[in-house]
Amino acid sequence: MSQSLVTAHPPRAPAALLRVTTSQQSCYDRTVFEFTGAADGYHVEYADAVHTGGEGLNVTPYAAGDAHLDVVLLAPVYATDGTVTYNRRTGDHAVNVLRYQTLRDLLYAGSYEGYTSFDLGVRARLPFRVTASTGSDGHGRITIDVAHRWDQ
């Protein structure tokens, strides 16, 4: 795992966000953002406050966790024809992370002008890594792994 520093990959994704899933691994908790096609643009860092795009509302008070990763995906939540691909409202809790060791919440902070934001609440400022990949199904995935402990 890398240290808890800013992790970014600047290209804008030509694909739209489809879904978000989480899983528990032996050494880390994983969050996967899946897209309609290849996607690799993101910016992830620990922040004291995570804001919605456009309006600038601080959503951190509404997300569980003692530390918060500000996750910005350089991808919209709608297809090029305007069809919504990720149908959530700003402030919705995107997944259930009950009984996870590190993850505490994943709050959808909205999408604005092709930037989609989430507040990933975790129990502490632990090491994390971000990877981008494209599966055999053609769907892009941006994966965030947050360690259970500092010594991993």
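This is a predicted model: local features need pLDDT of at least 70, side-chain atom pairs count only at pLDDT 80 or more; totals for chains, interfaces and linings use all residues.

Select strands E2, E3, E9 and E8. These four strands form an open sheet in that order, with antiparallel pairing. Look at the edges: strand E2 (17–24) and strand E8 (128–134) each pair on one side only. From one strand to the next, the twist averages 15°.

Now zoom in on E8 and its partner, strand E9 (residues 140–147). The two run antiparallel, joined by seven bridges. Pick Ala132 to see one of the bridges: its partner in E9 is Ile142.

**Salt bridges**

Show side chains next. Side chains of opposite charge can pair when their charged atoms come close. How many salt bridges does the count come to? The count is six.

Select Glu34 and Arg19. Their side chains meet in a salt bridge, 3.0 Å from N to O. Glu34 sits in strand E3 (residues 28–35) and Arg19 in strand E2, so the pair ties together parts 15 residues apart in sequence. Glu34 counts as buried because its relative accessibility is 11%, under the 20% cut-off. Arg19, at 37%, counts as partly exposed.

Move to Arg30 and Asp145. This salt bridge spans 2.7 Å, N to O. Arg30 belongs to strand E3 and Asp145 to strand E9, so here the parts tied together are 115 residues apart in sequence. Asp145 counts as buried, at 1% relative accessibility.

Then select Arg141 and Asp137. They form a salt bridge, and the closest N and O atoms are 2.8 Å apart. Asp137 is partly exposed, with a relative accessible area of 44%. Salt bridges that share partners join Arg19, Glu34, Asp137 and Arg141 into one network.

For the last stop, select Asp70 in strand E5 (residues 67–73). Which side chain of opposite charge is nearest to Asp70? It is Arg125, 10 Å away. A salt bridge needs a side-chain nitrogen within 4 Å of a carboxyl oxygen, so Asp70 has none, although Asp70 is buried.

Show what surrounds Asp70. Leaving out residues up to four places away in sequence, Asp70 touches His43, Val44, Glu45, Ala47, Ala49, Val50 and Phe118.

Key:
Residues are numbered from 1 along each chain as its sequence is written. Side-chain values use heavy atoms; hydrogens and water are left out. Buried means under 20% relative accessible area, exposed over 50%, partly exposed in between (1.4 Å probe, protein chains only). Lys and Arg count as positive and Asp and Glu as negative; His and the chain ends are not counted. Contact means heavy atoms within 4.5 Å. Two strands pair if DSSP finds at least two bridges between them. Axes are lines fitted to C-alpha atoms, for helices over the stretch in contact, and angles run from 0 to 180 degrees between N-to-C directions.
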